[in-house]
Amino acid sequence: MANESGEQIAGQKWHGGNAPGLAGVYGRLRVTVGGKPVATMVVEGTYVALIPDVSGPADATVMCADEDVMRKLLAGELNPFIASMRRLARIAGDRGFGTRVMLGLQVGSPFAPGAGIGDTI
Amino acid sequence: MSLDTVSILDGSTFVVSDRRGDLDATPTENHGLFLEDTRFLSRWVLTVGGIRPKTLSVDEQAYFKVQFFEAVTTGTVYVDSHLSVMRRRCVSGGFEETIEIENHGKEPVDLDVKLDVGSDFADLFEVKDKLAKVGQLYSNVDDGTLTLGYRRDSFVRETVIRSSRKGEVKEDGFLFKVNIPAQSSWSVSFDVVARGRRADIEDLEKPRVSSALQDTSRERNLQEWVAGAPRLIATWDPLIKIYRRSLVDLAALRFETGIAPGALPAAGLPWFMAVFGRDSLLTSFQSLAFVPELTAATLRALAILQARKEDPFRDSEPGKILHEVRLGEMTAFEARPQSPYYGAADATMLWLIMLEEYERWTGDTDIVHELEREARAALAWIDNYGDRDKDGYVEYERRQDTGLDNQCWKDSWDSIAFADGTLAPTPRATCELQGYVYDAKHRCARLAREVWDDPALADKLDKEAEDLKRRFNKDFWIPERGFFALALDGQKRKVDSLTSNIGHLLWSGIADEEKAASCVKHLMSDELFSGWGIRTMASSEGSYNPIGYHVGTVWPHDSSFVAWGLRRYGYKAEAARICRAILEAADLFDGRLPEAFGGYPRTKTSYPVEYPTACSPQAWATGAPLLVLRTLLGLDSDGKHMIIDPAIPEPLGRIELLNIPGAWGRMDAFGRALAAHED
């Protein structure tokens, strides 16, 4: 499931890791940038990973205006409500799940700079 | 809302017009088409032959549609008008409007039918506080479609207007050169689409229906909503009207967040058509016996948005339940903190209280399992963050200037004052917050014991609650005045004003019996009981003002909770007296209680005096008659059975409430006033 070794997605190398704010949350979140699917986030409780497979089922989709927005959202640096109001990102599908994931990443994200999992972002 | 305005709404979309149907926003007239806390139309003015038609009547057919009947007249009483105008409007992601002009004369007429259109795209906060725009307004006409827009970086909002007839379309409106033969009519329809933050997604997910005016699904939904609620039979006729009005207004205020199934109650029209933790929770409590589905949606949505981290700008702390969510420009650019804002010190306890109340009423233990993690986080917030200085009491103080001064339900700046009128310094530990903590801990102790299988937590919570009660009855009691202090201030001094807050202590059960008895005397005194309800602040206090928002007005929801608290302590007659007063006030407001009304004594006026800027409909005012009914019939649940213990005042006669939903399925309750010799 998890992409332990890291993959090149949208020009970046991504890994999985711990996201304490996602305790109790399970599912798959598709990530699109500029309308193009680029990755799927697999959430299994506090463990979260980004995988390059964009063909399988997903509970929700987070649609990012550009790569910088995606980076900030996944790093927990961009408030998802602000992103939505400014049309920088939107969630479609199961918005409850998508919102939980985006808010959960704000507490501590494995995709944040200095999260201790290498050169992820 | 002003009596001069007409409002229709659907979720967070609403239209406020004058009684002609025109939108003509000015600094003093808050007209407009609003969605997501933004005004999408500020001008929509019809002229026929250069004249603004005169209103004959307004037919508010449903909360989402209205008809205006008008005549084109010069205003003189000696000349009959031969032209009448009918405007039919229905709100739907914007609104649809059909304008029909009838020529009753024997000659044809040539007319200019003109619609002036404009938008200022004001954030609701800008409307309220008269602030200027930062971004650029634009408009364009393309193939007969008028688009009004506003852009500030990536923040884009647009209003798209199409008409059913070809006419002259300019950037400020539509003009039709019309010839109407004798005894004939002419009509045109407009489709006004407000394109908010999710417009592109909604284009794909929810294509616009062709005609909201013809669509009957919302009528059916409303009928089903009313039919699904218990049926009321009452010998006091106004009660039927008040009850139906409450159900319909609650239906109107339903608000789908999109993040959790179902709809929760938005706080009120026009300023508060948004998610508010406290308002949705208290309204859920009031309406639980009637439409329990509102509570489930409220609990789930607020759980998803529960705070996860510390954020001083938003007064956010892990485990806290939100105060407010806003979606307008000022929030988007962080001039305001409502994304979401967590500056409510009571919402977290109220959420826990509702979780237990809902489970006990409906028997739905699944939701208690589902939300166990959030409930534990909320309990942890009380001790880790709510009690800021570890003195054993929850207190509040905003972290930044953009936050709220007062984070209790009386959230205006001057509400927490000493008896001499001096404002109490922060942090403020208001008394009802401690009552809510007491209640929440006892209730969660039951859930821990019976649902979460965690007896150790249950014992801990029960012990903490009892310890709090013991300390509170010592530390907040003012022996020389015989009631509980409104608050402890930042220096731990007792804020000694007499207020309605002591009634909430009865609801929560934290007051010792003998102290409760003294509080009841105060609540029913001329200083607090106006004759129409309980004043927020007693007329004896230094800050008292009968038209002061939280320092003298009567709030129907506040009175309904005081009455419920009186029942809890066995003061049935006193509770019934307040219930009767609230219902009589509702009757004089044509069945719809406003958010608040003046605290003038009933001996002075034969009607409750209006508060100038009260929201109406407002969710917890709408819920007040429902909690009053529950109080009068003494409805409660032991988890499996409904308890009925009526205490009905003489003028209300007999009340029957049929098909009450709960853990028992559906049950009926009856009550009648006892004659003096039966009492």
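Biologist: Which domains does the domain assignment of chain B give?

Modeller: In this predicted model, the assignment divides chain B into domain 1 (5–217) and domain 2 (229–677). The C-alpha centres of domain 1 and domain 2 of chain B lie 38 Å apart. Across the boundary, 28 residues of domain 1 of chain B are in contact with 24 residues of domain 2 of chain B.

Biologist: Why is the largest nonpolar core said to lie between domain 1 and domain 2 of chain B?

Modeller: The largest nonpolar core has 225 residues, and those with the most contacts inside it are Leu41(B), Trp44(B), Ile101(B), Ile161(B) and Trp351(B). Both domain 1 (5–217) and domain 2 (229–677) of chain B give residues to this core, so it lies between them. Another core, of 29 residues, lies apart from it and includes Ala39(A), Leu50(A), Met102(A) and Phe111(A).

Biologist: What makes Asp10(B) partly exposed?

Modeller: The relative accessible area of Asp10(B) is 29%. Buried requires under 20% and exposed requires over 50%, so Asp10(B), at 29%, counts as partly exposed. Asp10(B) is placed in strand β1 (residues 5–10) of chain B.

Biologist: Why is the pairing of the side chains of Asp10(B) and Arg218(B) called a polar contact?

Modeller: The two side chains are joined at 2.9 Å. The cut-off for a pair of N or O atoms is 3.5 Å, so the value of 2.9 Å falls within it. Not counting residues up to four places away in sequence, Asp10(B) touches Val91(B) as well as Arg218(B).

Biologist: How do you know that Asp364(B) has no salt bridge?

Modeller: The nearest side chain of opposite charge, Arg300(B), is 4.8 Å away.

Biologist: Where is Asp364(B) placed, and which residues is it in contact with, leaving aside its neighbours within four places in sequence?

Modeller: Asp364(B) belongs to the loop between α8 (347–362) and α9 (366–370) of chain B. With those neighbours set aside, Asp364(B) is in contact with Tyr358(B) and Glu359(B). A polar atom of the Asp364(B) side chain lies 3.3 Å from the backbone nitrogen of Ile367(B).

Biologist: What makes helix α13 (residues 501–508) of chain B mostly covered?

Modeller: Eight of its eight residues are buried; among them are Asn501(B), His504(B), Trp507(B) and Ser508(B). Just after α13(B), Gly509(B) takes a positive phi of about 90°.

Methods
Residues are numbered from 1 along each chain as its sequence is written. Chains are lettered from A and ligands numbered from 1 in the order in which they are written. This is a predicted model: local features need pLDDT of at least 70, side-chain atom pairs count only at pLDDT 80 or more; totals for chains, interfaces and linings use all residues. Side-chain values use heavy atoms; hydrogens and water are left out. A nonpolar core is a set of buried Ala, Val, Leu, Ile, Met, Phe, Trp, Tyr and Cys residues joined through side-chain atoms within 4.5 Å. Buried means under 20% relative accessible area, exposed over 50%, partly exposed in between (1.4 Å probe, protein chains only). Domain bounds come from an automatic or database domain assignment. Helices (H or I, at least four residues) and strands (E, at least two) are DSSP runs, numbered from the N terminus. Lys and Arg count as positive and Asp and Glu as negative; His and the chain ends are not counted. A salt bridge is a side-chain nitrogen of Lys or Arg within 4 Å of a carboxyl oxygen of Asp or Glu. A polar contact is a pair of N or O atoms within 3.5 Å; within protein, one must be able to donate a hydrogen and the other to accept it, and residues adjacent in sequence count only if both atoms are side-chain atoms. Contact means heavy atoms within 4.5 Å.
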